[in-house]
Amino acid sequence: MELRTQELIRYILPLREGGSLPALAEADDGFRYVVKFRGAGHGSKALIAELIGGMVAHKLGFRVPELVFLNIDSRFGITEPDEEVQDLLRASEGLNLGLHFLDRAMTMDPSVNHVDALTASKIVWLDAFLTNVDRTRLNTNMLIWHGKLWLIDHGAALYFHHSWRNPEAAALDPFPFIKNHALLPYASKLEEADKLMRQAITPRTLNQIVDLLPDSWLQEEGREMSPAEVRDVYKKFLTERLKNSSIFVKQAIDERRRLNL
């Protein structure tokens, strides 16, 4: 399991959405990417969540834009006039993360775009597993491209790593934020989805995904843990969460009952 690594060669424009300030840029393979910068708001943690979340979604059979490591050198974006963007680029030299740009994709609106109950349940399961707080009606982070449903932007997942306190307990979090999920009203097959998702991914696959994380993303000022030790925390979190999926599935079912669904 590996990700391609490409060099960014042309900064096209900032995508001024939220606090992370991603950008549309071109790499040396001729393709355009939505670039997530390690120098932005939540730093490498957002890239870690994006990579793990996107790869888990991909391995579970969802359509996700290709994830690519994108290298930024000191010359990249030197013509960008915005000082804030220049500062961001300088703070992001080295490996960043890109998602293949889905040109002319449309935002998915569950009140307009039909999603069957099993697919909705699988996506709710995915986001409860990843503790992804950012797939709400206000921001579905789902696109329709060539008539198919695509999942994007998993940078808000794995929120335990922002405090790094008691990851063992975090792995057993029932995830009450699932009540805000855009697809929860349509997710009437959560128990079936749980069985299928648990069959579709293994601890070995989760470990391989975590092993993709570059050392440079795992080094944090003031933290004494080595990159290998940090990877081990993510591996234990994900494998324990998979083993105990009944906890967050029950929470999602209970939230549906509270909504009289």
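Colleague: Which residues form one aromatic cluster with Phe 160?

Modeller: Rings of Phe, Tyr and Trp (for Trp, its six-membered ring) count as a pair if their centres lie within 6.5 Å, and a pair is called stacked when the planes are under 30 degrees apart, edge-to-face when they are over 60, and tilted for the rest. In the cluster that holds Phe 160, the other members are Trp 164, Tyr 234 and Phe 237.

Colleague: Before we go further, at what pLDDT do side-chain atom pairs count in this model?

Modeller: Residues are numbered from 1 along each chain as its sequence is written, and the side-chain values use heavy atoms, with hydrogens and water left out. The model is predicted, totals for chains, interfaces and linings use all residues, local features need pLDDT of at least 70, and side-chain atom pairs count only at pLDDT 80 or more.

Colleague: How many residues apart in the chain are Trp 125 and Phe 248?

Modeller: Among the 13 aromatic pairs of the structure, Trp 125 and Phe 248 make an edge-to-face one, with 5.5 Å from centre to centre and 65 degrees between the planes. Helices are DSSP runs of H or I of at least four residues, strands are runs of E of at least two, and both are numbered from the N terminus. Trp 125 belongs to helix α3 and Phe 248 to helix α9 (residues 245-258), and this pair links distant parts of the chain, at a separation of 123 residues.

Colleague: Turning to the strands, in which sense do β1 and β2 pair?

Modeller: Two strands are said to pair if DSSP finds at least two bridges between them. Strand β1 (residues 5-14) and β2 are joined over five bridges, and one of these sets Tyr 11 against its partner Ala 25 in β2. The sense of the pairing of β1 and β2 is antiparallel.

Colleague: How many of the five residues of strand β2 are buried?

Modeller: Ala 23, Ala 25 and Ala 27 on one side of β2 are buried, as are Leu 24 and Glu 26 on the other, and both faces are covered. Ala 25 counts as buried because its relative accessibility is 1%, and its contacts (heavy atoms within 4.5 Å), leaving aside neighbours within four places in sequence, include Leu 8, Phe 31 and Phe 76. Strand β2 (residues 23-27) is largely enclosed by the rest of the structure, because its buried residues number five of the five.

Colleague: How far is the backbone oxygen of Asp 134 from a polar atom of the side chain of Asn 141?

Modeller: Asn 141 lies in the loop between α3 (117-130) and β7 (142-145), and it counts as buried because its relative accessible area is 6%. Not counting residues up to four places away in sequence, Asn 141 touches Asp 134, Arg 135, Trp 150, Leu 151, Ile 152 and Asp 153. The distance from the backbone oxygen of Asp 134 to that polar side-chain atom of Asn 141 is 2.6 Å.

Colleague: Phi of Asp 153 is near what value?

Modeller: Most residues other than glycine have a negative phi. Asp 153 is found in the loop between β8 and α4, and at 25% relative accessibility it counts as partly exposed. Its phi is positive, in a residue other than glycine, and lies near 60 degrees.

Key
Buried < 20%, exposed > 50% of the residue type's maximum accessible area, 1.4 Å probe, protein only. Polar contact = N/O pair within 3.5 Å; in protein donor to acceptor, adjacent residues only side chain to side chain.
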